[in-house]
Amino acid sequence: LFFHSSHVHFRYRVSRCQFSSSSFAMGRWFALGFLATASGKVYFSETFGSGWENRWTSSEWKKSDGTQGTWKLSPGKWYKDESEDQGIQTAEDSRFFGLSAGFDSFSNAGKELIIQYQAKYEKDIECGGGYVKVGPKLSDPTTFGDPTPYNIMFGPDKCGYTKRTHLIFNYKGKNVLKKSDLAYKQEGDGTSHVYRLVLKPDNTARVEIDGEKIYEGSL
């Protein structure tokens, strides 16, 4: 699988969740990053430091019906260093949340691609997701929502007793969900978890959570 993409989207449903800093490559700290290891090039990274509001666009997909949530910068309830551990956090319960940012288009053909981010649920949720989507450029980022096309969707999702780490690829216009569920790893413990997806040139994928391999196989 290879793709050309130029937008990354965070998507949440009815949840209280936070993105904060995570280790990524070459000893640096990122909240989100794409790395093509053949050249070591970082295509996108974000720590949600100063000026993050100018780099990201909040979704207004659900604004008209009054269920659109807002974001805030916060270290969360538990942190080591308040200034260093800042991240973006959903500010209300029972709302829809979306956030997107653009980057230069690229192709991962012939390269190993890593997509990684860190998320923390500070309390358990009944129904919600804290996943990332990578997809085509958006003509109007404020319209980002469930109907928005994407190439990859990756991250935790829960509704009732159904909980999993999503791994979905768009193939020939169809979103293809992995047939067996991957471990959820967000059990309301209030700690951060690092989600990493590695796509290899031989058409295989590996998923790691907190450095633990939870899946590896052929696409």
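Tyr117 is buried, and so is Tyr195, where buried means under 20% relative accessible area, exposed over 50% and partly exposed in between, with a 1.4 Å probe and protein chains only. Before I go on, this is a predicted model, in which local features need pLDDT of at least 70 and side-chain atom pairs count only at pLDDT 80 or more, while totals for chains, interfaces and linings use all residues. Residues are numbered from 1 along each chain as its sequence is written, and side-chain values use heavy atoms, with hydrogens and water left out.

Let me start with the aromatic rings. A pair of aromatic rings is described by the distance of the centres and the angle of the planes. Rings of Phe, Tyr and Trp (its six-membered ring) pair if their centres lie within 6.5 Å; planes under 30 degrees apart count as stacked, over 60 as edge-to-face and the rest as tilted. The structure holds 12 aromatic pairs. In one of them, Phe48 and Trp52 have ring centres 6.0 Å apart and planes at 75°, so this pair is edge-to-face. Phe48 is buried at a relative accessible area of 1%, and Trp52 is buried at 7%.

Back to the two tyrosines. The ring centres of Tyr117 and Tyr195 are 5.6 Å apart with the planes at 20°, so the pair is stacked. Tyr117 belongs to strand β11 (residues 113-121) and Tyr195 to strand β16 (residues 192-199), so the pair ties together parts that are 78 residues apart in sequence. Strands here (E, at least two residues) and helices (H or I, at least four) are DSSP runs, numbered from the N terminus.

Phe48 also belongs to an aromatic cluster, formed by Tyr43, Phe44, Phe48, Trp52, Trp56, Phe103 and Phe106. In the backbone, Phe48 has a positive phi of about 55° although it is not a glycine. Phe48 sits in the loop between β6 (41-46) and α1 (52-55).

Asp210 is another non-glycine residue with a positive phi of about 55°. Asp210 is found in the loop between β17 (204-209) and β18, and is partly exposed at 43% relative accessibility.

Next, strand β12 (residues 127-135), where eight of the nine residues are buried. β12 pairs with strand β13 (residues 152-159) in the antiparallel sense over six bridges; two strands pair if DSSP finds at least two bridges between them. Cys127 stands opposite Cys159 in β13.

On a 1 Å grid over the protein atoms alone, a cavity is a set of points where a 1.4 Å probe fits but cannot get out, a pocket is an open set with protein on both sides within 12 Å along at least five of seven lines, and lining residues have an atom within 4 Å of a point. Grid points are joined across faces, edges and corners, and a volume is the space filled by probe spheres set on the points.

The largest cavity has a volume of about 40 Å³. Its lining includes Arg164, His166, Lys178 and Asp181, and strand β14 (residues 162-171) gives the most to this lining, with four residues.

What is the volume of the largest pocket? About 340 Å³. Of the 12 residues that line the largest pocket, the closest to its centre are Phe169, Tyr171, Val176, Ser218 and Leu219. The largest share of that lining, three residues, comes from β14.
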